[in-house]
Amino acid sequence: MRSRFQQGLDELKEKLLRMGGLAEQAIDRATEAYRTRDSKYCQMVLTGENAINEAEREIDELSLDLLAMQQPMAVDLRFILAVLKINADLERVGDQAVNIAQRVLDLISEPEVQLPVDIPRMADSVSTMVQRALEAFLDGRAEVAEAVLQMDGIVDRMKDEAFIVLVQKMYNEPTVTRAALNVLLISRNLERIADHATNIAEDVIFWVRGADVRHGGAHYRQ
Amino acid sequence: MGVGIEVRGLNAWYGKNQSLNSIDMTVAANHVTAVIGPSGCGKSTYVRCLNRMHETIPEARAEGSVKVGEMDVYGSGSDPVEVRRRIGMVFQKPNPFPTMSIYDNVAAGLKLNGFRNRKQMNELVERSLKLAALWEEVKDYLHKKSGASLSGGQQQRLCIARALAVEPEVLLMDEPASALDPISTSKIEELIFQLKQHYTVVIVTHNMQQAARVAEFTAFFLMGSLIEYDKTEKIFTTPADKRTEDYITGRFG
């Protein structure tokens, strides 16, 4: 009976990692759309969202079944709770990628404008965070998850810088306002994805160590 | 009111086989404490040492200190009969006296203790049956029906009423719901939760969900040793010892 339970846990992990792969792909495609100004990538992100939503439903269902049928305890219970939360975060990552794709569609409907913001570089950092958070989840490596937490501040600063330079740009050149707003929103979407990666890393630490490290603390159950 | 239990250096043997190794454990008054562990880990032996039931088995003996409130259970002047009056016990299989009426089952302990006042006895029987959440179901048949005529769940609550009638301070329960269906089990669990207002309850159980549902503290025993003892939430979410984690996640035992 336990081995059946173990199979269920393995299946859950596999499904979540596959969903993580879809979410990573969505970020990469949205970034590629921005870089190349090719609407084909935007369409891929928009149509790919269904698969992410479907994966979310399946993972919720399997988690619910395992909770009801196996009544897991301790590390297994923490694992399933972590999966449920990571699942919700990955679905939101997919939504943010869709938001980026929509901004890019709007951007490329108008002539290209040079803006002093390096979105691909920011996207690269964000994508790395998601990738590392999923790696930490794959092997239950809390130290990798901790490294992800350290990266969040870097992305936050990138977004703050983007805000300052884009506001300045809009002030100086009102004709680029539409494009600048789109890019500002994209930087905001990327920053939100970094927050989701941070949440995923925190959930991995909770699963592995039983510690709640959210909101900048390390709370161990007394 | 319930009293706390202080166990220090408790060892127990069956013949030459040592079944408990130097147990130190403090049980909080008016709380429910669960004792869990695989078969043969010593959890039943442990609770049976608390009220000197262990020594009733041939060749079995125990050493160490057990203090229940002010009472020194293994002290030189200690009387096993008095110890068992103050520390009641309920067993896995309901064991009412089959030919006695419901009333006589509950009054049996009182009569054995030389209780004679009929009016007071009536009151104690009613109070005990009410505490055991059985009164409403049997009040019209107290003298007409035998203990054996009740359902399994009712019989177990009758045994709880019988244990409560002699006004103990501590109630020991050894797998009290393992022979019962889920509805009777939930009644017993609800009852255990209510009883802690008046008594200190120690429950041995194989059912970890049951321990999680009823107990504020949980002790994990393995091979005669107390491995981990903590708040129930801690034991079932983030146990400190790998052996506890392996047991409660079903990786052994």
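The contact between the two chains takes 10 residues from chain A and 11 residues from chain B, two residues being in contact if their C-beta atoms, placed from the backbone, lie within 7 Å. Helix α3 (residues 74-108) of chain A gives the largest share of the side of chain A that touches chain B, 5 residues; helices (H or I, at least four residues) and strands (E, at least two) are DSSP runs, numbered from the N terminus.

This is a predicted model, in which local features need pLDDT of at least 70 and side-chain atom pairs count only at pLDDT 80 or more, while totals for chains, interfaces and linings use all residues. Residues are numbered from 1 along each chain as its sequence is written, and chains are lettered from A in the order in which they are written.

Chain B holds two open sheets, in which strands pair if DSSP finds at least two bridges between them.

| Sheet (chain B) | Strands | Pairing |
|---|---|---|
| β6-β7-β8-β3-β9-β10 | 6 strands | mixed |
| β2-β1-β4-β5 | 4 strands | antiparallel |

β6(B) runs parallel to β7 (residues 170-174) of chain B, joined by 4 bridges, and I87(B) stands opposite V170(B) in β7(B). Helix α6 (residues 152-165) of chain B lies across both of these strands, at about 170° to β6(B), where axes are lines fitted to C-alpha atoms, for helices over the stretch in contact, and angles run from 0 to 180 degrees between N-to-C directions.

Strand β4 (residues 60-68) of chain B pairs with β5(B) over 2 bridges in the antiparallel sense, with V68(B) opposite M71(B).
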